[in-house]
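Hi,

Here is the structure I promised to pass on. Have a look at it first, and then read on for what turned up.

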Amino acid sequence: MSDVDVHGLIAGYAVDALEAEERDAVERHLPECEDCRRDLAEFRETLVRLAYAEAAQPSEELWTRVSALASRTRQAPLPSAPRTDGTAEDGGRGHGDGTDGGDGTGNRGGDGSTADVVHGPARWWRGRLPWLVAAACALVAVALGAALLSVDRSMDESRRHHAEVEALLAAPDTHMHEGPLGEGARATAFTSYEMDALMLVVDGLPDTPPGMEYQMWYVDEDGMRSAGMLTLSDDGRYSGMAHDMGTPIQVGVSLEPEGGMPEPSEQPMKFDL
């Protein structure tokens with residue numbers, strides 16, 4: 001394998017997308033080529049940055065424009081092949097006699113109108129095939145990396161939450177409070193002054209409208225202050241863990257915009273502690 005060929009395999013090597021023979025050739029070549037070592041380091045650095053980047057959902061408007069353009073754009077036919085008698089085959093491009101849309105090319109859209117043309121494949125891609133393969137592999141690696149990172153973060157958050165719940169329930173001064181909350185809902189609260197924490201679980205709350213969440217409030221002699229947001233669990237109950245409890249006499253729940261409000265926008269449903 002020539003040095004030129006090996007240079008073109010560095011991107012594929014960076015994402016572990018080479019056959020064994022190609023990988024061995026690259027590894028023999030790397031100690032002798034400073035440029036390839038530098039390229040390899042840059043490829044790997046780029047992959048790490050892409051893996052930790054946040055993805056953005058393309059807008060519907062973008063998809064509409066792309067699909068509309070694709071529906072009226074076709075590839076140009078392949079070049080005419082020479083006949084054995086020295087003349088060229090038609091190749092479906094028209095005869096230049098005025099029957100091909102007036103430009104002698106025969107490039108008509110699906111509705112009979114002249115269409116934009118994207119030229120078909122040519123020899124340029126042959127030397128770039130390893131790069132195209134490497135780019136495709138890089139995209140797969142980035143997608144998998146982002147997915148694994150998201151799962152890992154979710155698992156870490158879940159472990160921290162379960163640890164907090166277990167610590168609260170195991171605290172020696174933890175008390176459980178049960179009772180009605182509003183109309184049709186029932187609340188259970190666990191409080192620990194030693195941990196300065198409260199966990200609230202509510203069953204029977206109506207589903208939140210789009211863009212709205214349930215917010216918890218500590219109610220004490222000085223008024224009300226936010227205790228965080230309730231989240232919906234798989235079993236249909238809303239729950240939340242709050243710290244900096246102080247000495248509340250009640251906990252309230254109100255429906256607020258996503259992210260919460262500094263003060264309740266409506267009179268909260270209150271639950272005695």
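In what order do the four strands of the open sheet come, and is the pairing parallel or antiparallel? Before the answer, please keep in mind that this is a predicted model. The order is β7-β6-β10-β11, and the strands pair in the antiparallel sense. The edges belong to β7 (223–229) and β11 (269–272); each has a single partner strand, so one side of each has no neighbour in the sheet. On average, neighbouring strands here are turned by 30° against each other, direction ignored.

In one of the pairings between residues, Gln250 has Asp272 in β11 as its bridge partner.

Next, a look at β6. This strand covers residues 212–220 and includes Asp220. A polar atom of the Asp220 side chain lies 3.0 Å from the backbone nitrogen of Asp222. Leaving aside neighbours within four places in sequence, Asp220 is also in contact with Arg225, Thr247, Pro248 and Ile249.

Finally, there is Met199, which sits in strand β5 (residues 197–203). Is Met199 buried or exposed? Its relative accessible area is 9%, which is under the 20% cut-off, so Met199 counts as buried. Beyond residues up to four places away in sequence, Met199 touches several others, among them Val165, Leu168, Leu169, Phe190 and Met241. Thr188 is on that list of contacts too; Met199 and Thr188 are eleven residues apart in sequence, with 8.3 Å between their C-alpha atoms.

Best wishes

Definitions and conventions: Residues numbered from 1 in each chain as written. Predicted model: local features only at pLDDT ≥ 70, side-chain atom pairs only at ≥ 80, totals over all residues. Heavy atoms only, no water. Helix = DSSP H or I, 4+ residues; strand = E, 2+ residues; numbered from the N terminus. Polar contact = N/O pair within 3.5 Å; in protein donor to acceptor, adjacent residues only side chain to side chain. Contact = heavy atoms within 4.5 Å. Pairing = 2+ DSSP bridges. Axes fitted to C-alpha atoms, helices over the stretch in contact; angles between N-to-C directions. Buried < 20%, exposed > 50% of the residue type's maximum accessible area, 1.4 Å probe, protein only.
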